[in-house]
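Subject: Structure handover

Hello,

Here is the structure I promised to pass on. Please look it over, then read the notes below.

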Amino acid sequence: MVIFMKKIGFIGAGNMATAIIGGLLKSGSADGEHITVFDVMPDKLELMKNEKGIQTAPDAKTVVEVSDITVLAVKPQNYAEVLESIKLAVTENKVIVTIAAGISTDYIAKTVGVECPMVRVMPNTPLLLGKGATALSRRNISDEDFACVYDMFANGGETAILDESQMNSVIAVNGSSPAYIYLFAKAMVDYAVKEGIDEGAAMKLVCATLKGSAEMLEKSGDTPETLIKKVSSPGGTTLKALEKLEEKDFYNSVIEAMDACTKRADELSK
């Protein structure tokens with residue numbers, strides 16, 4: 001674990017920023033004195049200040065001025081406005097972290113007019129529970145500063161370091177993919193209810209099955225193909241279900257959905 005001696009700033013105090021800050025505080029990597037936040041919603045700032053002891057700033061530019069590392073935790077459509085507001089505070093020593101889909105480090109450097117150290121990050125919403133999956137790519141940043149940024153997200157789950165050229169594609173892998181899993185879970189629970197099974201009981205069983213299956217993928221040492229075969233007895237019920245999924249082209253539908261996700265990220269890229 002990296003102990004943060006540097007000051008960390010957040011522009012935006014939404015769910016993702018709250019999750020990252022919570023991870024820093026819970027792990028002891030940083031305290032409220034070393035974290036500064038700005039958000040356009042005053043009530044969010046009051047909550048941060050009163051409940052977490054976080055420092056607050058009157059505007060985005062001040063966050064950059066008082067911080068060594070600034071996390072841009074705003075929506076992609078707000079980046080142009082935010083970058084314009086902070087450009088006079090950004091220097092070659094100020095680290096900028098972007099967590100928005102489709103926002104490239106080239107776009108940030110061009111907009112602020114400074115080749116500052118940067119990390120592009122694609123987290124996902126389970127970060128809120130400390131169970132996130134986060135991809136990171138680095139640009140023009142020292143190992144020491146990158147270790148600080150890396151630890152912010154490692155506090156909240158699993159991490160992987162990628163080349164920035166892969167950051168749009170990885171959105172389909174970890175950024176958007178919880179939604180696919182929720183849809184699959186919904187279908188399973190809805191079927192159970194149709195069959196007269198209590199919804200709460202069904203949800204508990206489905207969630208436990210998803211957790212256990214993920215653990216098998218991670219720890220068994222078997223490939224997905226091998227694990228499928230181990231569940232599928234010849235002439236049994238699982239094979240009948242798999243046959244129906246194959247009939248509906250389930251596997252290729254997932255691939256096509258992920259491809260559509262990546263293409264949309266490319267269309268939105270700056």
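K61 and E65 sit 4 residues apart in helix 3 (residues 60-66), so about one helical turn separates them. Helices here are DSSP runs of H or I with at least four residues, strands are E runs of at least two, and both are numbered from the N terminus. K61 and E65 form a salt bridge, with their closest N and O atoms 2.5 Å apart. The term means a side-chain nitrogen of Lys or Arg within 4 Å of a carboxyl oxygen of Asp or Glu. K61 is partly exposed at 30% relative accessibility. E65 is partly exposed too, at 39%. The classes are buried (under 20% relative accessible area), exposed (over 50%) and partly exposed (in between), with a 1.4 Å probe and protein chains only.

A word on the source. This is a predicted model: local features need pLDDT of at least 70, side-chain atom pairs count only at pLDDT 80 or more, and totals for chains, interfaces and linings use all residues. Residues are numbered from 1 along each chain as its sequence is written, and side-chain values use heavy atoms, leaving out hydrogens and water.

The chain has 12 helices and 8 strands. Of its 270 residues, 37% count as buried. Its C-alpha atoms fill a box of roughly 70 × 35 × 35 Å, taken along the principal axes.

The salt bridge count comes to 15. One of them joins D145 and K6, at 3.3 Å from N to O. D145 lies in helix 6 (residues 143-154) and K6 in the segment before strand 1 (8-11), so the pair ties together parts 139 residues apart in sequence. D145 is buried, at 12% relative accessible area. K6 is partly exposed, at 22%.

Another salt bridge pairs D106 with R139, the closest N and O atoms being 2.5 Å apart. D106 is in helix 5 and R139 in strand 7 (residues 132-139), so this pair links parts 33 residues apart in sequence. D106 is partly exposed, with a relative accessible area of 48%. D106, E115 and R139 are linked in a network of salt bridges.

Helix 5 spans residues 105-112 and also holds Y107. Y107 counts as buried, at 18% relative accessibility. Y107 and K248 are 141 residues apart in sequence and 41 Å apart in space, C-alpha to C-alpha.

Finally, M188. M188 lies in helix 8. M188 is partly exposed, with a relative accessible area of 31%.

Best wishes
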